[in-house]
Amino acid sequence: MRYGALLAIIAAIIAAFVYAASDKRQPVSAQDFVNLQQGDVIQQGFRRAHANGFCVSGEFIASGALAEYSSATVFQTGRHPFIGRFSVAGNNPTAPDVKAPVRSLALTLLPDSAAQWRTAMNTPPVLPVGTPEKFYQQLQAIKNNTIAEFFAAHPESAAFLQWRASYQPTQSYATEQYHSINAFYLINNAGQQQAVRWAAVPSAASETLSSDSQHDSQQEPAVTDSLQQELFTRLAQGPVTFDLVFTLATANDNASDATVLWPATNPQRIAGQLVITAANEQKGHQCDALNFDPLVLPAGIQPSEDPILRARAAAYAESHRRRAREVLLESLTGNNSAKGAGDE
Amino acid sequence: MNKPQVYPIAMRLVHWLMAALILSLLFVGLSMVSSLGPWQYTLLQWHKIAGVVALFAVLLRVALRLSSRTPALPNAIPKWQQAIAKLTHLAFYALLLLMPLSGYLMQNAAGRPLSVFGVSLPSIIATDLAWYGAFRELHAWLSIALILLIILHISAALYHGLIRRDGVLRSMIKH
Ligand code: HEM
Ligand code: HEM
């Protein structure tokens, strides 16, 4: 009897731990997501998403225009250093960058400060779907070649599809516009909050990519890093700059739904200028060690309740853990196979 | 030396407060690393703050342990069991220090800022992917060791309390 009670208590404790540790409690776990993203061939030591990319660094020259909305240091007038990373979507670090449907800019501003701010931005201004579970199904549909049916079954993808139809990729990372997509709240000294989205808007004039370089051209096979080489060459001529433009939500906008575009009439503020002055291969450079988790926010910025935004931290952490473990094992065993094309 | 029957009140209090803190850290830690849910962000913030609090609690506990007179195990308990009890207690202190330390250093190596109750904590090591990997794996594997130890500890305590009824469990509860 007393043995029975003892065994029952121990069994209950073990069951509770096993349940908490199981990633099968939810329809899609961070591990499931990263398993799907990384694909069938694991690229040791690389990000499971946006694997093809490189590091940049520079300064953000804050205009002070956002200081009335947010107490964050990064918005107070002045020059704030950042580490960044340009990349394209996809899990293959050697896939031709110019062919990727999505390009990205990720930033870690004020990297050595308690007021650090991270953001990871993409070229589309909206998402096709609004929850991580549906996003997972979308990736499955891409893999299974049923994406047309998927979009048809998800009318909320209309704004995304409209953007995609009108989007013309340019010939440079420097001439794309990169969006936060998800909304955040700015909090000022008085504690007032304002929902916002932001975008890095290029200063350089763009030239649209010739359709040849995007699609398989007979003469010249696309290379892994033609966009990367273009940016390195461009930087040799001088800095690459973007305005960081904030769009303020009005009472009609829903901060939790990234599938809907906010009206073009919403008020905008230019928080400052991003001045990129240096670029490096990713391997062996600072941005490689960072996980551009968009929920690393300073006082003065808070996440919205957008379920996609909230889902990002755990997935980025799982990808970060996997590649860090591989780099650790490689450094312990002295095996260089994981270093790949980006190595010096 | 004349040993007391029960642990001093300060140690009993710290023991049970810490038990609650460590168990919640473990459950929150395990759940948050797989969850894509909207509360993951809040749990992670809580986990880091509570984890740093746990570090100070363990240091306090070690200081208390070294400065208090603690009850001896009953003589009826075989020597080998007494040795194992000592060993698991030592392992507890080691793991309870290594868990928050690996968590802290993992944040440093990831280049992430860390603040607790508005106080920004210093970065002890530089941002580095391989070091992040080392502390991230340590944090996970040590947590499994800690869970196994806790199960062993609770089993032994209940064995004394329910089966042997020899006062060992009472020594951490009350007179
Ligand atoms: C549930 C939704 C999402 C999931 C699960 C997800 C997952 C991931 C993962 C696993 C990584 C690799 C992280 C690393 O190893 O450091 C990544 C990188 C990235 N993601 Fe997402 N993502 C999501 C939504 C988004 C959205 C909405 C955006 C754009 C606003 C975005 C932009 C990026 C960018 C720019 C990177 C590359 C960051 C870098 O350069 O390191 N992601 N994502
Ligand atoms: C006694 C103290 C602590 C305990 C018992 C504990 C326990 C845990 C556990 C069980 C996990 C899940 C590991 C896994 O399954 O992979 C975890 C994850 C984590 N812990 Fe702790 N922890 C403690 C202290 C800390 C501290 C002090 C910090 C940082 C300041 C911290 C930061 C983290 C982070 C960031 C993760 C998630 C990592 C990721 O998502 O990749 N922990 N913790």
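Biologist: Where in chain A is the place of H50(A)?

Modeller: In this predicted model, H50(A) sits in the loop between α2 and β1 of chain A.

Biologist: What is the phi of H50(A), and what kind of residue has it?

Modeller: Phi is near 55° there, a positive value in a residue other than glycine. Most residues other than glycine have a negative phi.

Biologist: Which other residue has a positive phi although it is not a glycine?

Modeller: N145(A), with a phi of about 60°. Its place is in the loop between α3 (132-143) and α4 (147-153) of chain A.

Biologist: Why does N145(A) count as exposed?

Modeller: Its relative accessibility is 70%, and exposed means over 50%, so N145(A) counts as exposed.

Biologist: Which element gives the largest share of the shell around ligand 1?

Modeller: That is α9(A), with seven residues. Of the 27 residues around the ligand, R47(A), R85(A), Y316(A), S319(A) and R323(A) come nearest. By class, the shell holds 12 nonpolar, 11 polar and four charged residues.

Biologist: What coordinates the iron atom of ligand 2?

Modeller: Two histidines do, H47(B) and H139(B), each through NE2 and at 2.0 Å. The pair links distant parts of chain B: H47(B) is in helix α2 (residues 40-67), H139(B) is in helix α4 (residues 129-164), and they are 92 residues apart.

Biologist: Are H47(B) and H139(B) buried or exposed?

Modeller: Both H47(B) and H139(B) are buried.

Biologist: Why is the arrangement around the iron atom of ligand 2 called octahedral?

Modeller: There are six donor atoms, and the angles they subtend run from 86 to 179°. Six donors count as octahedral if opposite ones are over 155 degrees apart and all others between 65 and 115. The arrangement is therefore octahedral.

Biologist: Between which chains does ligand 2 lie?

Modeller: Between chains A and B. Of the 27 residues around ligand 2, H47(B), M106(B), Q107(B), R136(B) and H139(B) come nearest. A polar side-chain atom of R136(B) lies 2.6 Å from an oxygen atom of the ligand. From chain A, R321(A) places a polar side-chain atom 3.5 Å from a ligand oxygen. The elements giving two or more residues to this shell are α9 of chain A together with α1 (9-32), α2, α3 (79-109) and α4 of chain B. Its residues divide into 17 nonpolar, seven polar and three charged.

Biologist: How do you know that β2(A) pairs with strand β1 (residues 53-62) of chain A?

Modeller: 10 bridges join these antiparallel strands. Two strands pair if there are at least two bridges between them, so β1(A) and β2(A) are paired. F60(A) stands opposite H80(A) in β2(A). Strand β3 (residues 103-109) of chain A also pairs with β2(A), over seven bridges and again antiparallel. In that pairing, I83(A) stands opposite T108(A).

Biologist: What makes strand β2 (residues 78-88) of chain A mostly covered?

Modeller: Eight of its 11 residues are buried, that is, under 20% relative accessible area.

Biologist: How many helices and strands are there in chain B?

Modeller: Four helices and two strands, in the pattern α-α-α-β-β-α along the sequence. Buried residues make up 47% of the chain's 175 residues. The C-alpha atoms fill a box of roughly 55 × 30 × 30 Å along the principal axes.

Terms used
Residues numbered from 1 in each chain as written. Chains lettered and ligands numbered in written order. Predicted model: local features only at pLDDT ≥ 70, side-chain atom pairs only at ≥ 80, totals over all residues. Heavy atoms only, no water. Donors = N, O, S within 2.8 Å, 3.2 Å for Na, K, Ca; no water. Tetrahedral: all angles 85-135°; square planar, octahedral: opposite > 155°, others 65-115°. Buried < 20%, exposed > 50% of the residue type's maximum accessible area, 1.4 Å probe, protein only. Near = heavy atom within 4 Å. Polar contact = N/O pair within 3.5 Å; in protein donor to acceptor, adjacent residues only side chain to side chain. Nonpolar A, V, L, I, M, F, W, Y, C, P; charged D, E, K, R; others polar.
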